[in-house]
Amino acid sequence: MELTKNTEVPMDCGSKPRRRFLQTSLAGGVGALVLPALAGARVVEQQAESSPCVSQESVKPFELDEITVADLQAGMASGKFSAHSLAEKYIARIQAIDQRGIAVKSVLEVNPDVLAIADALDKERSAKHVRGPLHGIPVLIKDNIDTADGMQTTAGSLALLGSKPAKDSFVAQKLREAGAVILGKTNLSEWANIRSSHSSSGWSGRGGQTKNPYALDRNPCGSSSGSGAAAAANLCALAVGTETDGSVVCPSSANGLVGIKPTVGLVSRAGIIPISHTQDTAGPMARTVRDAAILLGALAGVDPRDSATAASVGKAATDYTKFLDPNGLKGARIGVARKYFGSNETQDKLMNNLLDAMKQHGAEIIDPADLPTHGKFNDSEFLVLLYELKADLNAYLAARPEAPATLQNIIEFNDRNPDKEMPYFGQDIFTKAQAKGPLTNKEYTDAVETSHRLSRKEGIDAVMDQYHLDALVAPTAGPAWMTDLANGDHAVGGSSDAAAVAGYPDITVPAGFVFGLPVGISFFGRAWSEPTLLKIAYGFEQMVQARRAPKFAASLKL
C-alpha cells in the first residue's frame, strides 16, 4: 500500500528545512523538564506554547500510545491483542495521521503482506511457539534496507522505483527470524543525505518532506528521519534506522527517542543501500532503552555477506537487556566531552544540571575530558565518504536486478527528472564522488588512515585511557530547526562525528526539552562497549524519564 505521493503537503503554519549530511557536529539547544527523579538537581524548565494555528483536535488519542514491547507481549499472551490486531491498529493510525490529517509523511508504504505475516505468527503463538520478545511486534524499517517482498527499496529515490532486491537484507532476515512483523518502509533523507550539501533532512523525491511530530514545521533530522518521526508518533512499536554520521542519533534526539548506533560490524550491512563501508551501520530507534536493547539483540549477528561482522564473534550478545541496570550510573566513570557544548546556552544549563544529577546517582564525572583530536578528522572523513560512496554504491547497484547500474546513471536520471528529483536542491556531493578514482588511490588510503588514527587511537581511545573512563558524554544534537526547503538545513552543533568516524558505538537517550522540542544526551565509547553504554544509558533513563509523547503542534510560539 503506497502511502505518499511525490507532491508536498503544505505546512499548517508556514514552513522552513536544510541539513547537510556531513557536519562536524549535531548539537544545539537542549531544553529542560523538571523531573521528580532529579532529586536535588536544579533543572530549568522552558515552556513553549502551541501557536494559534495548531489543530491538535485532528489527532485523536491512540490505544497503543507509548506502549512498550513488554506491554504488547503481555497483551498478546492474555489474548487482549494479537499480531493481526496490532498490525491493523498501527495501519489505521498511519492512515489517519501520516497519510492523511496532519500528514507527518514518515511512512512511505505499508507492507502488503503484513496481515498474512501477522496471522502466521498468531498461529505459531496458538501452537505454544513464541520465537522471542519480538514475536508479533510491528517494526518499521528505513527505505534503504532491502526486502525481497512486495515492498520497494529505493533510498527515497525515484531512480530505484520498480527494481526489486534479489534477497532480503540481513536486517530484514533477522527481524523475520525473530518473529517481528515488518510493518512497512519509512521515508528518509534521499540517498541517506549524501546527495547534496544543501539538502533538507527528511525530504526525498519519493516521499516528500517528513515532519517533526513535536512541531510540524520543524525538521525531524536525517537521514533516518522517517524512522524517528514514526516511532515518536507511535506509528509502530519499534523502528530501524541507519547511520553513517549522525543519522540514527540525530533523528532520535530530535524526536524524543532512544537511538543506538552500534559498533560497525555488530549489525550486518548486507542488503543496505550503502554510503561507506567504514562507517555505515543499522541501529535501533525506540521509545525506551529496554526496547532498543531488545531490538539490538535481534539485529546483531555474523553474516558471511559482510566481512566486518566477523570481528563481532565473542563480542556480540543475543540479549542486551541483561546489561540494563537501574543503578547503572553508580560507579561509572564518565568523561565530559566539553568541546561539544556551547551551541546553545539553555542546552548547556540542562546538560550541566544533568551532570550534577548523575553525580548524585553515583557517577564519577571527569570534566573536561575532551578528545585531543576534536574536530581534526572531519576533512579526511568527507574524503573517505566520497570515495566509498562511488565504490560501494556501484557494487550494490551492480548486484541489483533492473536498477541503474552506477552512480553516474543515478546522476543522469536526476538530471533528466529535475522537477521531481531536484526541485529544492541538487546533487553536488554525488558529482564530487563520481569524480573520485578507485579505492587504491593514495589520497583515499591516506584519508582512511588519518580518520581512524585521529578518531580511535589518538581520539576516543586516548582520552578514555588517560582518564580510565567507561564512557564519554555530550549533547546529542540541538532542538529541531525550522524546515526550510529554500535554503536547506539549519542544524547547529552535535557530537556524532567521533564515534561515527571511529566506527564506535553511540547511544542517545531523551534528556529533556528546549521550548517544547526534545533533545538527547549521548553516551559513546570504545568499540564493542555496547553493554557498558547500555548500563549507563538505562541508569540515566531511569533517573530522568524525559520521554514525552508528541502533541503534533503545527508550530511553536516561543
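**Entry 1: an enclosed space**

On a 1 Å grid over the protein atoms alone, a cavity is a set of points where a 1.4 Å probe fits but cannot get out. Grid points are joined across faces, edges and corners, and a volume is the space filled by probe spheres set on the points. With that settled, I searched this predicted model and found one cavity of 30 Å³ or more. I read off a volume of about 100 Å³ for the largest cavity.

Which residues lie nearest the centre of the largest cavity? I noted Asn144, Thr242, Glu243, Thr244 and Asp280, out of 17 lining residues; lining residues have an atom within 4 Å of a point. Strands E7 (238-243) and E9 (281-286) each give at least two residues to that lining. A note on those labels: helices (H or I, at least four residues) and strands (E, at least two) are DSSP runs, numbered from the N terminus.

**Entry 2: ground rules and confidence**

I count residues from 1 along each chain as its sequence is written, and my side-chain values use heavy atoms, with hydrogens and water left out. Because the model is predicted, local features need pLDDT of at least 70 and side-chain atom pairs count only at pLDDT 80 or more, while totals for chains, interfaces and linings use all residues.

I then looked up pLDDT, the predictor's confidence in each residue, from 0 to 100. The protein averages 91, and 90% of the residues score at least 70. Residues 1-55 have a pLDDT below 50, and this stretch has 230 contacts in the model beyond near neighbours in sequence. Contact here means heavy atoms within 4.5 Å.

**Entry 3: salt bridges**

My rule for a salt bridge was a side-chain nitrogen of Lys or Arg within 4 Å of a carboxyl oxygen of Asp or Glu. How many salt bridges are there in the whole structure? The search finds 19.

I began with Arg206 and Asp143, whose side chains meet at 3.2 Å, N to O. Arg206 sits in the loop between strand E5 (203-204) and strand E6 (208-209), and Asp143 in the loop between strand E3 (138-142) and helix H4 (170-177), so the bridge ties together parts that are 63 residues apart in sequence. Are these two buried or exposed? Both Arg206 and Asp143 are buried; buried means under 20% relative accessible area, exposed over 50%, and partly exposed in between (1.4 Å probe, protein chains only).

Next came Arg176 and Asp149, a salt bridge of 3.1 Å, N to O. Arg176 belongs to helix H4 and Asp149 to the loop between E3 and H4, so this pair links parts that are 27 residues apart in sequence. Arg176 is partly exposed at 25% relative accessible area, whereas Asp149 is buried at 18%.

Glu421 is in helix H11 (residues 418-421) and Arg195 in the loop between strand E4 (181-186) and E5, so the pair ties together parts that are 226 residues apart in sequence. Glu421 is buried with a relative accessible area of 0%, and Arg195 is buried at 1%. I also saw that salt bridges with shared partners join Glu109, Asp143 and Arg206 into one network.

**Entry 4: the disulfide**

A disulfide is a covalent bond between the sulfur atoms of two cysteines. I looked for pairs of cysteine sulfur atoms within 2.5 Å and found one disulfide in the whole structure. Cys221 is joined to Cys250, with S to S at 1.9 Å. Why is this disulfide called right-handed? The torsion about the S-S bond of Cys221 and Cys250 is about 100°, so the disulfide is right-handed.

Cys221 lies in the loop between E6 and helix H5 (225-232), and Cys250 in helix H6 (residues 249-254), so the bond ties together parts that are 29 residues apart in sequence. Cys221 is buried at 0% relative accessibility, and Cys250 is buried at 3%.

Most residues other than glycine have a negative phi, and most peptide bonds are trans. I went looking for exceptions.

The peptide bond from Gly222 to Ser223 is cis, with omega near 5°, and Ser223 is in the loop between E6 and H5. Another cis bond joins Asp367 and Pro368, with omega about 0°. Pro368 is in the loop between strand E11 (364-366) and helix H9 (378-398).

Ala155 is not a glycine, yet its phi is positive, about 55°. I placed Ala155 in the loop between E3 and H4, where it is buried with a relative accessible area of 1%. Trp528 also has a positive phi, about 65°. Trp528 lies in the loop between strand E14 (517-524) and helix H15 (530-544) and counts as buried at 18%.

Definitions and conventions. 1 Å grid on protein atoms, 1.4 Å probe; cavity = no way out; pocket = protein on both sides within 12 Å on 5 of 7 lines; lining within 4 Å.
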